[in-house]
Structures are given as structure tokens and as C-alpha cells.
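Subject: Structure for your review

Dear colleague,

Please find below the structure that I am handing over to you. My notes on it come after the sequence and the coordinates.

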Amino acid sequence: MVAHSEMLLSKCAQFREQGEFIDVRLKVGEDEFAAHRIVLAANSDYFHAMFAHGMKESNQEVIELKDENISAAAMKIVMDSMYSGEINVNDENVFEVLLTADHLQVTSVVQQCCKYLETEVVEMKFDVQTYCRVILVANRHGLKDLKEATQRKMASMYKELCEKEEFLSNTSADELSALLCRDDLRAPSENFVFKSMMQWVKYRKEERMNVAAKVIGAVIIAISHNGVINYFDVQSKTWKELSSMQPPTEVQGCYCAELIGNYLYVAAKSNNNFVICCYDVVHDTWSTLHPILHSSGIQIGCLCNIEEHLYVIYKSSAPYRYNIATNHWQSIASSTAVCNLDQNTFCNKAAAVYKSCLYALYAQSVYNIGNRSYVPFNSLLCCFDAKKNVWESKAMTKTPHFGSSLVVVNQNLYVVGGDCTFYPSGRLPPAATEVYNDQENVWSVVQQTHIPPNNLRAVEIDGRVYFIINSFPIDSGITIPPGEVYPAVLDGWENLGKVDRNAVLCYVPVKTENLMTEDE
């Protein structure tokens, strides 16, 4: 029986090659492929439905396949396989052939492509980018066996894969979540897995923080000056108390925070000294580090991390840095440019690490005796090179900024939030959003064309909506399609702004069982 079917298939291939009994031609672009309707219908549910249900193509001599996913080269391989039962694919064309066969519902070719990917690509090659592409295709076309084979391979090699650039760049939140849920995940310890998850989030921090909760349980927390910590429940869109991680009782005020690996560092005031409190995320414990040098009476603007050093930026005065490994504080170079500015110059509430350097934005104003008011000036961007231990003055912003934040999104530096005057009256609009071009050393204003009136200081950055709450940027996950002319819909986020105006906001990975309020 097998020999008979093989002979019949061979005869059909011979008829096709000699142009005998041809009753249809398939056109892809400028190429045409001679075929027999009965062979197409026998191999493809797509063509069977076309010929059997009286569609207009059923009587056409030439059928044009206009789908952009179908190329002439892939179509030739699929057609040859229909007549020979064999497939001729390689690493370069297998995805293209698979997409064509799936679109035309040629099950035999889809199965052969999947088998090739499993045996020749997934099992034999060490290529994270290809793994991610295989899973993407498998998800899109419902190829469960192919997806399972690829995830099984990635789970077995997780230790080797998770730190690679390709893994951090190409793995989606859904893929990572599915991978981490597997029982066959091979990793040295839970701590190793946690660190790898944090590394994935930090690789694209601004765009991944809004999905971090799905991957590692990261939530937005607000640390108030009285020590109470609340977290924002994204499901109910409300603030709830997080009693499980309240800071030490001797803390009288918190000013800023920075998450580094498994540790949350919080600049706080304790017994009239400024100290750094450290929260161990894994062990759910707090500790207090050495007091900050010469910090009495100076409010802290922000914390930044560069190569295992924690930099403390003040609203005035020179910064210091803390060596995490040696638990030692040291002073660093002062900014001559800043020291030479007017006494009413002060650092905005945030700085940022951009291209391995520390950037701080200094607001400026001059008191006009005649008008008895402060006259705002444009802000100055300063850059600290940690390796050279030197500061460099950069460009002035296009507009004044007071209490604004520096944010890095998609490898661009933005200044967002804050006000355009030293003493905001509430009647003036917030400060402009600007983006910095480090190649030309210039700022330019980013027009906010899709932001409706709101109380969340919403800004549009690179096609996404960010809320600026207490100078802290929060990616809402709201995207603005290209060419969209209508305002973005911000409904449902009103409660996000209902937080102590002096509270410090940050993202922290929290165990699910800790997200319990007293009334729960």
C-alpha cells in the first residue's frame, strides 16, 4: 500500500514537471506555479475549502496569493513538498517556509518545519535570539509542541542563558514568567533566580517596571516621613498599607530611595543625622549603615548607583559616594560650575545615571529686590564622570525647571515634572518636558499633544504615558499609537496621586504573601 501511494505521488510530480493535466496556476508576485487542484486540496485545508465551497477562485485558471507573508521562494519549497513528501529547509528559510505552510494550512509541511526547528535548531544550537523567535512563532501559530521543546531547552540552560545580552534584550515578560514557572528550571538557587529577574527588569527599567509585578512581584511603594509604607495595588488602583516592611523605628524622615540588586537603599534622617537604611528583599530585613559624611542640616535630593557605588546628591553642597562592598563613605569632586553659580542654585529632586555617568540638573533663580520675587532661569545640566572624578557643565535647558526629575527612557535623557517657577502658584502649567541630545549637547522641548488635563503630572515620552508622582516617574503602560490625534485616556489612575506629598516612591519586589493589609 505504501509503495502504491508513493508511486501515485511520484506520478503526480511527473505530470506537474511535464505540464500534463495542469488545471490551476498559483501566482505569487511575478512567479507562477503550475499545479493540480486535487493535489492542492489533498494537502491543504486552505485550498480544499477554496475549491469545495464554491469560492470565486474555484473556477479561476490563475489564483493570485497576495498575502505578504508568502514569498515565491517559500512557496516553491511548499509546493515541492506537496508533490514529493519531502522538505528542503535550512536555518535561513525554515521560518519563512513555516509561516507560508501555516497560512495555507499545509499540515505536513508545518510538522516537518517544527521537527527541523526542534532537532536542528533548538537542540543543536546555542542561540538565545533564535530561541525567542521560535517561541514567538510557536505562540502566534499555536504550535504547542514546538513551544514546549524550546522552553524545556531554555529551562535546562537557564544559568548560562539568563545573563546574556540576547536573553535580556529579546525575552518578553510572558516568556520569562512561563520559564520561571517550570519545575525543570535549572538554577543554582532561588537567590540566583531572583537576581536574574532583577537584571532582566533593569535592562529596560522604564518600560519593564510596569510588568515587573507579573514577573517578580515588584510594586510601587510610598515611604512616608512618619515611616509608614504603602503599596499601590494595580488591580484596585488604590494605596494599601504594607506593614511587613516598615523601616526601623528610629527613622524620623525618608528622602529618596534606590533599588540595587536585592537591596533597597533609603536615605533617611535618624537622631539628627542622615543615614542610609538598607532593606534586604530576599530576607525581608532592615539594617542601618554608617551615617552620611557631613550631612547634618542638608536635605538629600536623590540616590544613584554606578558600579557598586551609591552616590548621594544633595539639594546643595558636594555629593558623596558609598562603597557597597567595603561599607565606606568618601567625598568626591565638587562641581566648580555649580559652586560658581548664584546662591539660589540648587539641585532638582532627582539625578540619573546616563551612559555610565552621573547627571544632575541644577535649577536657578535670582531674587529681584524691586519686585520682591524670584526670577527663574533655565536649568543647568552637569555631568560627573566617576572614572575621572571630574564634573563637566553641559547644556542649559530651554525652559526653567524646579523640582523636576531626570529620567532615562530608551537610552535618551529626559527632564520631566516639576514647575517652571520657584514658588508655583497653581495657576501656571507644569514645567515643560525636554529631551537631551548628548551628541550635540542641546535640549529640545517635547510637545505634549496627547495629554488631557489631569492631576497626575502626566507626560508623553516616546509614545508612552508616564505619571510623575512626587517627582517619581511611573510608566502607566498606556501607549499612544503613531498618528493618533485624540488625547490619551487616563481614567482609573486618579488614586495614584492620593499619596503623602512628602512620601518617597520607588519600585520594590515584594513577596505575594506580604501584600496583605490589616483588614484582609
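This is a predicted model: local features need pLDDT of at least 70, side-chain atom pairs count only at pLDDT 80 or more; totals for chains, interfaces and linings use all residues.

I begin with an open sheet of four strands, arranged in the order 19-20-21-22 with antiparallel pairing. Its edges are formed by strand 19 (405–409) and strand 22 (442–445). Each of these two has a single partner strand, so one side of each is left without a neighbour in the sheet. From one strand to the next, the twist averages 30°.

Strand 19 and strand 20 (residues 412–416) run antiparallel and are joined by five bridges. Within this pair, Leu406 stands opposite Val415 of strand 20, and Val409 stands opposite Asn412 of strand 20. The hairpin of strand 19 and strand 20 has two residues between the strands, and Asn410 in that hairpin takes a positive phi near 50°.

Strand 20 also pairs with strand 21 (residues 434–437), again in the antiparallel sense, over three bridges. Here Val415 stands opposite Glu434 of strand 21. As to burial, four of the five residues of strand 20 are buried, so the strand is largely enclosed by the rest of the structure.

The helices

Two packed helices are described by the angle between their axes and by the distance between the axes. For helix 6 (residues 107–122) and helix 8 (residues 144–156), the angle is about 10° and the axes are 9 Å apart. Helix 6 is therefore roughly parallel to helix 8, as angles under 35 degrees count as roughly parallel. On the side of helix 6, the contact is made by Cys114, Leu117, Glu118 and Val122. Helix 8 contributes Asp145, Leu146, Ala149, Thr150 and Lys153. The residues of this contact divide into five nonpolar, one polar and three charged.

Helix 5 (residues 94–103) has as its buried residues Val94, Phe95, Val97, Leu98, Thr100 and Ala101. What covers these buried residues includes helix 4 (72–84), helix 6 and helix 7 (128–141). After helix 5 comes Gln105, whose phi is positive, near 60°.

Two single residues

Glu32 has its place in strand 2 (residues 31–35). Its relative accessible area is 43%, so Glu32 is partly exposed, a class that lies between the cut-offs of 20% and 50%. Leaving aside residues up to four places away in sequence, Glu32 touches Arg25, Leu26, Lys27 and Val62. Glu32 and Lys76 are 44 residues apart in sequence, and the distance between them in space is 9.6 Å, C-alpha to C-alpha.

Lys240 belongs to strand 6 (residues 238–241). With a relative accessible area of 19%, Lys240 counts as buried, because the cut-off is under 20%. The side chain of Lys240 is joined to the side chain of Asp233 by a polar contact of 3.0 Å.

With kind regards

Note on methods
Residues are numbered from 1 along each chain as its sequence is written. Side-chain values use heavy atoms; hydrogens and water are left out. Buried means under 20% relative accessible area, exposed over 50%, partly exposed in between (1.4 Å probe, protein chains only). Contact means heavy atoms within 4.5 Å. A polar contact is a pair of N or O atoms within 3.5 Å; within protein, one must be able to donate a hydrogen and the other to accept it, and residues adjacent in sequence count only if both atoms are side-chain atoms. Two strands pair if DSSP finds at least two bridges between them. Axes are lines fitted to C-alpha atoms, for helices over the stretch in contact, and angles run from 0 to 180 degrees between N-to-C directions. Angles under 35 degrees count as roughly parallel, over 145 as roughly antiparallel, 65 to 115 as roughly perpendicular and the rest as oblique. Ala, Val, Leu, Ile, Met, Phe, Trp, Tyr, Cys and Pro count as nonpolar, Asp, Glu, Lys and Arg as charged, and the others, Gly among them, as polar.
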